[in-house]
Amino acid sequence: EELLRSGRPGPSLVPGDTLLFASKPVRVDVRGEVAAPGAIYLYHSDTLEQAVLDAGGPLASASTKDASLIRDGQEVPLPLGGAALRQVPENGDTIVVRAAPHVTVIGQVPTPGEFTLKNGSSLLSALYVAGGPTKWANVKDIEVVHDGVRKSYDLSSLQHGDLSPNVPLVDGDVVYVPEGHRIDASLFFQGL
């Protein structure tokens, strides 16, 4: 402010110089799906959540689950609204708020269509927002089409604790829930 009032140019800066603000010495870079991405300066007592808020907050297109913190070269999950956001920032932290993927779910679900997976980008998340598989669905052969390549997943193994079929989805993926047998086995067993 003094430099602006005086009309003097101030010190010459060269690439690689770092400016430290005495009142807010912690610099955090906030990138991605926020209103004003860029460098945010915080007090030592602030939180990472304050950095996201100072960057204008997450956009409507942001995923609440797929944000991350990059600190000392390590990237760790940083879900928006979670306890991890309440930690104090360190100089040089980077917060990346990713866009929620848009996927299409078709086939044997109550509400097929296009969905934005704001609260998680897994196969189960996609099925959940589409209302889950119908009783005629073949959950042993659910297909995910990614970049034109089809891959099948057996979700029945989730009942036995195998989480490997719950694969992450990305923007543009298509989930197809095929029809299984048209015999409702529950009706057969009720008759016995």
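Predicted model: local features only at pLDDT ≥ 70, side-chain atom pairs only at ≥ 80, totals over all residues.
Let me start with strand 3, residues 62–71, which pairs with strand 5 in the antiparallel sense over five bridges; strands here, like helices, are DSSP runs numbered from the N terminus (strands are E, at least two residues, helices H or I, at least four), and two strands count as paired if DSSP finds at least two bridges between them. Within that pairing, Ala-67 has Val-97 of strand 5 as its bridge partner.

Residues are numbered from 1 along each chain as its sequence is written, and side-chain values use heavy atoms, with hydrogens and water left out.

Strand 5 also pairs with strand 1, residues 26–32, in the parallel sense and again over five bridges. There, Asp-29 is bridged to Thr-94 of strand 5, and Arg-31 to Val-96 of that strand.

How many of the seven residues of strand 5 are buried? Five are, so this strand, residues 93–99, is mostly covered, where buried means under 20% relative accessible area, with a 1.4 Å probe and protein chains only.

Stepping back to the whole sheet, five strands form an open arrangement in the order 2-1-5-3-4, with mixed pairing. Its edges are strand 2 (38–42) and strand 4 (74–77), each of which pairs on one side only.

Terms used:
Buried < 20%, exposed > 50% of the residue type's maximum accessible area, 1.4 Å probe, protein only.
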